[in-house]
Amino acid sequence: MTNPYALAAVFILNAVGLVFYIGSNWQKSEFRKNPYNPDLSHLSSIPTAAGKRIICSGWWGIVRRPNYLGDLIMAVAWSLPCGCSYALPYFYPVYLISLLIAKVIADEKSCHQRYGDAWVKYTEAVPYKLIPYVF
């Protein structure tokens with residue numbers, strides 16, 4: 001890749017993926033430690049029957065798995081510098097999305113069993129599982 005603008009776009013795309021990944025994992029980790037943390041007071045959440053809360057805003061209000069979305073964005077960014085002449089560099093993002101979709105489907109079933117009605121409310125509040133407006 002010799003075009004500096006294209007290279008910059010790839011770096012920016014990778015940075016966006018990294019921000020999604022780190023930001024969403026940080027938000028989930030901090031919320032699990034203390035859902036009443038003043039730094040997280042802007043987040044909406046849904047109470048569960050078990051006394052826990054499900055975040056339904058912030059990173060977790062965009063899609064149900066924003067950390068997976070960050071992984072996927074970075075995988076695409078890592079493949080783009082190889083151009084479009086060969087399909088092999090795109091094996092990783094295609095493989096990753098197939099794994100992530102399978103994981104999301106399994107997670108959805110598990111979360112529905114674990115959280116019951118709270119999960120149904122969450123899925124209504126956050127309709128997209130992995131990719132906004134797509135899945």
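At what angle do helix α1 and helix α2 pack, and how far apart are their axes? In this predicted model, the angle is about 160° and the axes lie 8 Å apart. α1 is therefore roughly antiparallel to α2. The search for disulfides across the whole structure comes back with zero.

**Helix packing**

- Helix α1 covers residues 4–33, and helix α2 covers residues 66–79.
- The crossing of α1 past α2 is left-handed.
- On the α1 side, the contact residues include Val10, Leu13, Val16, Leu18, Phe20 and Tyr21.
- Asn14, Gly17, Ser24, Asn25 and Lys28 of α1 also take part.
- On the α2 side, Pro66, Leu69, Ile73, Met74, Val76, Ala77 and Trp78 are among the residues met by α1.
- Asn67, Gly70 and Asp71 of α2 belong to the contact too.
- By class, the α1–α2 contact has 13 nonpolar, six polar and two charged residues.

**Cysteines**

- A disulfide needs the two sulfur atoms within 2.5 Å.
- Cysteine 84 is exposed, at 77% relative accessible area.
- For cysteine 111, the closest cysteine sulfur belongs to cysteine 56. The two sulfurs are 14 Å apart, so they are too far for a bond.
- Is cysteine 111 buried or exposed? Cysteine 111 counts as buried, with 12% relative accessibility.

Technical notes:
Residues are numbered from 1 along each chain as its sequence is written. This is a predicted model: local features need pLDDT of at least 70, side-chain atom pairs count only at pLDDT 80 or more; totals for chains, interfaces and linings use all residues. Side-chain values use heavy atoms; hydrogens and water are left out. Buried means under 20% relative accessible area, exposed over 50%, partly exposed in between (1.4 Å probe, protein chains only). Axes are lines fitted to C-alpha atoms, for helices over the stretch in contact, and angles run from 0 to 180 degrees between N-to-C directions. Helices (H or I, at least four residues) and strands (E, at least two) are DSSP runs, numbered from the N terminus. Angles under 35 degrees count as roughly parallel, over 145 as roughly antiparallel, 65 to 115 as roughly perpendicular and the rest as oblique. A crossing is left-handed if the near helix is turned anticlockwise from the far one by less than a right angle, and right-handed if clockwise. Contact means heavy atoms within 4.5 Å. Ala, Val, Leu, Ile, Met, Phe, Trp, Tyr, Cys and Pro count as nonpolar, Asp, Glu, Lys and Arg as charged, and the others, Gly among them, as polar.
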